[in-house]
Each structure stands twice: as C-alpha cells, then as structure tokens.
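Here are a few notes to go with the structure, written as numbered points.

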Amino acid sequence: MMDELRELYQEVILDHGKNPRNFRDVEDATGHAHGKNPLCGDQLVVYLKVGQGNVIQDVSFVGKGCAISVASASMMTELVMGKTVEQAHALFERFHQMCTGEGEAIDDADVDPDDLEKLTVLSGVRAFPVRVKCATLAWHTLNAAIEGKEESSSE
Amino acid sequence: MSNPAQAASIEAALPYDVEAYRKDFPILSETVHGRPLVYLDNGASAQKPRQVIDAITHVYEHEYANVHRGVHYMSERATDAYEGARRKVQGFLNAKHEREIIFTRNATEALNMVVRTHGQKFLQPGDEILISIMEHHSNIVPWQMLAAEKGLKLKAVPITEDGELNMTAFREMLTPETKMVAITHISNALGTINDAAEITRLAHDAGAAVLLDGSQAAVHMPVDVQALDCDFYVFTGHKLYGPSGVGVLYGKEARLEAMPPFLGGGDMIETVTLEGSTWAALPNKFEAGTPMIAQAIGLGAAVDYVTNIGMDRISAHEEDLRRYATQRLSSIPGLKIYGTAPRKAAVISFTVEGVHSHDIATIIDRAGVACRAGHHCAQPLMEMLGVPATTRASFGLYNTLADADALVEALESAREFFGL
C-alpha cells in the first residue's frame, strides 16, 4: 500500500504542495484563465505575461487544491518561466503522455530532457487514474490562458 | 403482523447482530489493495444484500415479461411482482394508498417530476419557492430552471452554526407568496436531521405545498409520510441497499390527481385517438413506457430486508456508530467536523488541517477505506462553510465500530504522510 503512495507523494511534491512557488498574481498579465476540477472542487487561476518572441516572461497561479494539483501548478510555473509558448506547449504534451501513459513518446527538440526529468515526480499519478486530472489541471489552465480562453475545466 | 407496535418492541429487544447482516452482503468480503473493504461511502450508494441480488436474478429467471399489458401467464407474474413492490414501498413509507407511490428512475427524476408537473401547473409568476442552503443540487437546479422560465422567486433558508436549519429564518421567510417548500429531510453533507413535521406544519399554515427529499432519511430512520403530512416525499433505491435505476415519488392522492402527466407514452393513457388522449388512473399516469421492472422488484426486496431488521434498530445501531466515530475522530489533531446538530444521522463530514480532502481520500483508500471527498453535490453549502471540499464518512447498517477504528487509523497515517 505504502509504496505506490510514496511514489505519488514524493518529498518534492509535498514540498511544492506546502510551499507553492510563484503563488501570486501578475499585475501586468497579458492573459489569465480559471481552471476548475468539478469533481473535487479544486480551483485555480493561472496568470501569464507573454512578451517579445512569444516568451513567457512571467507566470504565476493562485487557488486551492489538493497536494498534487498545487504541486503540479507550482512546478509548472518554474518550468515554463522564460520558455516560449511553443516550448511550454510541447512540454505539456510530453507531460500529459507521462501522466496518462497514452500516446507515443516522441523526441521533441522543443523539450528540454532535464525539465521532463523534473516532472517525472508527478508520474506516480498513473497508478491513480482519478488523480491524473489533478496533475494536469494547471497545464490545461495555462493552455487556456495562452489561447485567451477564460475558463478551463479538467472534466 | 397482528400488532406492529408489539412486534417492534420485541424486535428492539433483540441484539443487533451486525456480523450476521454483514454475511448477507457478498461485496463486504472483497479486498481492496490487499486490505478488507471498509465501506463508508453509503451516502453516495449502499451495497446490496444477497436477498436483493437474488430477487433480481429471480425475476429474470422465473417471472419476467412486460407488465400491465400481457394477458399471458408471465406478464401476470411480472405485474404481480412489480405491483407487490409498490405495496411494500407503500408500507415502508406508511402511505395511505398504493396509488400514491410512483416509481421513478431515481430521486432526481422524482424531484424533477414534481417540478415539471405540479410546479409547472400551479406556480405562477411572483410565487416563491423555499429551499434550504443544505440542499443537494438535485433539489436546487430543477427549481432554478423552473424559476427562470416562469418568473418565480427561489429563496434558500440559512443554517445555524451547528448545521441545523435556521427555523427562525424559515418562519420569517415563509410569506403569503410562498407556494412551495422543498427541503431535505436529512442533509447528505452534514447529516443534520431536519424537523420535517414542524417544517411541514408551518409551511401548510402559510399555504405552501411541501416536498421532502428523503434520499438520506429513508435509509437512516423510519419514515411515516402520513405522520409528516408532507405533500411529496422522494427517495432513491440504490441508497436503500436496492438496485440503481429505481426511485420513488410519494404524493398525496389529491396532489397527484391534480397534476398533469410528466412523460407521455404507453401505459400512462386510458384511450388514445389522433385527436387527443385521456390519462390512466394513478399511479400509471406517471409511469409512461416500460418501467424498471426488475429494479422495482429489487427495491421491494430491499424494503423487505431493512424492514425485517427493523428501521428503528438500524437507526439505533447507526447512532451508536455515529457517537463512537465522532468521538474517535475528534481526537485527531486538526480534524474539524462540519455539522454538529444534536439530531444527526451517521454522516460525518470533516476536514483535516494541512491535508486536502482529495489527498485524504486517496491515502485512506490504500488502507481499504472508501470515503467520499469533494463538495457532495452541495456547492452552495460548501461555499457558505468556506471549504472547497470535505471528506465524508457515511455509515450503513453493516458498518461496525472496527470500521470507525480503521478510518481513524488511516487518517492518522495520512497525517503522518504529510509530516503532521
């Protein structure tokens, strides 16, 4: 019982869950979106500022959620900060694959292997299908913010 | 039974043999992640005893055909069994007449049926509907939809700090415009047992019709619709140890007679011509199309099952569980229970400081403990309480003190996990 749980709740996740990074808003945001998981009531807002060359100059989030969704959001803000929108999108694609085990893992020049490596701490959700949405909520919301949608739902 | 009161008192004197009842539920011997199943999600849906499972199998093996239409032997058998289930439900709720019992798909459909027939016909623009803040979404959303269409006013009675219906506010909110009061008998999220008889009396004095949502109450306590004097009472089969796919609408005969049909189709008509149709008598008027035959018969078996044990005794057993579990849970640091009304069913909603309810549910699941985490389809209540989600342990007739211990132990390991 405990092994899979330890795999899910690794120290890094517990740390990000308790002390989320970039947990604030962005005053001069160029986009933001609300994300919700109707199943568990998790809600968060992702803010971002995209500048020249489609570079994400600032990204942050606020909201309430379980350890997995908060940790995932926190790690996401760290990883996409300074990346281009395209790079962020490519990273999400690979991360989504990692969480669901669906689709083929293809090498993508846009994805830094180190970033992907950091995200593997969240891949424990694969053993907990109902929790995959917790891990991907922030990323879906980031996508919505990039695309200029105001709402995103993990349902 | 020659004398129900006497029979009840003899029953009450018998010891409650929970281990014997547990043996009736095959699923309770399943293991989850290598641990015995500790099922504390009865508020969402209850497990089924062998007697119900067998009754459903029996229908398909020995007495199945369509009901109400065949002149052949099997149709008669099936019709007898189906109508027999209705009689059992009538007895279970102590309704005056069999024809006051309508089979529906679930409690949600029963609620929508009242909204779309009684509500549609008798509520006029400006009329007020009174619900409470502790309603399940199924007793909020259908009224909202009707209110928007017809220009009605929907008002929600607040609750006290303990999670009881604020009766002072209720009295004040009842006005001459209030034409419908629709309130839950027991809160699914807080466990509060509302004073349904008093609510009904006050509402009737104000000239309003009363609907009680008995989805939780019919499972946890004896219900007597004549004593309550409500106009409508709804509950669902799957929470009462019966199959999913069947629920019940009880309505006073005069109310049901005055209402237009809900769905049109076969079985609900008397005569049909291309120019127009006339409606069948109760209860068929509200049961268009082939009904949930085996499910209704299964519900009848579930009613027999709980009646044989005795709803009073189930209620007393669950009260023991509630007291014990509440006391044990309270010893966990940072644990807060939502809903502390003096009259409460064995439904315990809580949060643990520092651990989100979704994480709790995942961790305790690995210990075999099944609880619900989330908003319990009661988002307005959760918003008022200021919590996005709680964990809810809801007990049933087969739960034991050891189940409460397993929950507490699992919660302690969850806290440990989070370094608390």
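1. First, a word on contacts: two residues are in contact if their C-beta atoms, placed from the backbone, lie within 7 Å. Please also keep in mind that this is a predicted model.

2. With that in hand, let us take the chain–chain interface. The contact between the chains draws 17 residues from chain A and 19 residues from chain B. On the side of chain A that touches chain B, α1 (2–8) and β2 (42–50) of chain A each supply at least two residues. By class, the residues on that side of chain A are 10 nonpolar, 3 polar and 4 charged.

3. Staying with chain A, there is a helix pair to look at. Two packed helices are described by the angle between their axes and the distance between the axes. Here helix α2 (residues 11–18) of chain A packs against helix α3 (residues 67–80) of chain A at an angle of about 85°, and their axes are 8 Å apart. Because angles of 65 to 115 degrees count as roughly perpendicular, α2(A) is roughly perpendicular to α3(A). From α2(A), the contact is made by I13(A), L14(A), H16(A) and G17(A). The partners from α3(A) are A67(A), I68(A), V70(A), A71(A), S74(A) and M75(A). Sorted by class, this contact of α2(A) with α3(A) has 7 nonpolar, 3 polar and no charged residues.

4. Now for chain B as a whole. Chain B contains 16 helices and 17 strands. Its radius of gyration is 22 Å, close to the 22 Å that the globule rule gives for 420 residues, so chain B is as compact as a globular protein of that length. The C-alpha trace of chain B spans about 75 × 55 × 40 Å along its principal axes. Of the 420 residues in chain B, 50% are buried. Among the contacts in chain B with a separation of 6 or more, 70% are between residues 24 or more positions apart.

5. How is chain B divided into domains? The domain assignment gives domain 1 (4–32 + 310–417) and domain 2 (54–307). The centres of domain 1 of chain B and domain 2 of chain B, taken over C-alpha atoms, are separated by 27 Å. Their contact takes 23 residues from domain 1 of chain B and 23 residues from domain 2 of chain B. On the side of domain 1 of chain B that touches domain 2 of chain B, α13 (311–330), β14 (347–352) and α15 (379–385) of chain B each supply at least two residues. Of these, α13(B) gives the most, with 5 residues. The residues on that side of domain 1 of chain B divide into 13 nonpolar, 5 polar and 5 charged.

6. A196(B) is found in helix α8 (residues 196–205) of chain B. Is A196(B) buried or exposed? A196(B) has 25 other C-beta atoms within 10 Å, so A196(B) is buried. Not counting residues up to four places away in sequence, A196(B) touches H185(B), L212(B), L228(B) and C230(B). A196(B) and E412(B) are 216 residues apart in sequence, and their C-alpha atoms are 37 Å apart in space.

7. The other residue is D304(B), which lies in helix α12 (residues 293–309) of chain B. D304(B) counts as partly exposed because 17 C-beta neighbours lie inside 10 Å. Along the chain, D304(B) and F92(B) are 212 residues apart, while their C-alpha atoms are separated by 8.7 Å.

Key:
Residues are numbered from 1 along each chain as its sequence is written. Chains are lettered from A and ligands numbered from 1 in the order in which they are written. This is a predicted model: local features need pLDDT of at least 70, side-chain atom pairs count only at pLDDT 80 or more; totals for chains, interfaces and linings use all residues. Domain bounds come from an automatic or database domain assignment. Helices (H or I, at least four residues) and strands (E, at least two) are DSSP runs, numbered from the N terminus. Ala, Val, Leu, Ile, Met, Phe, Trp, Tyr, Cys and Pro count as nonpolar, Asp, Glu, Lys and Arg as charged, and the others, Gly among them, as polar. Axes are lines fitted to C-alpha atoms, for helices over the stretch in contact, and angles run from 0 to 180 degrees between N-to-C directions. Angles under 35 degrees count as roughly parallel, over 145 as roughly antiparallel, 65 to 115 as roughly perpendicular and the rest as oblique. The radius of gyration is taken over C-alpha atoms; the globule rule is 2.2 Å times the number of residues to the power 0.38. A residue is buried if 20 or more other C-beta atoms lie within 10 Å of its own, exposed if 12 or fewer, and partly exposed in between; C-beta atoms are placed from the backbone.
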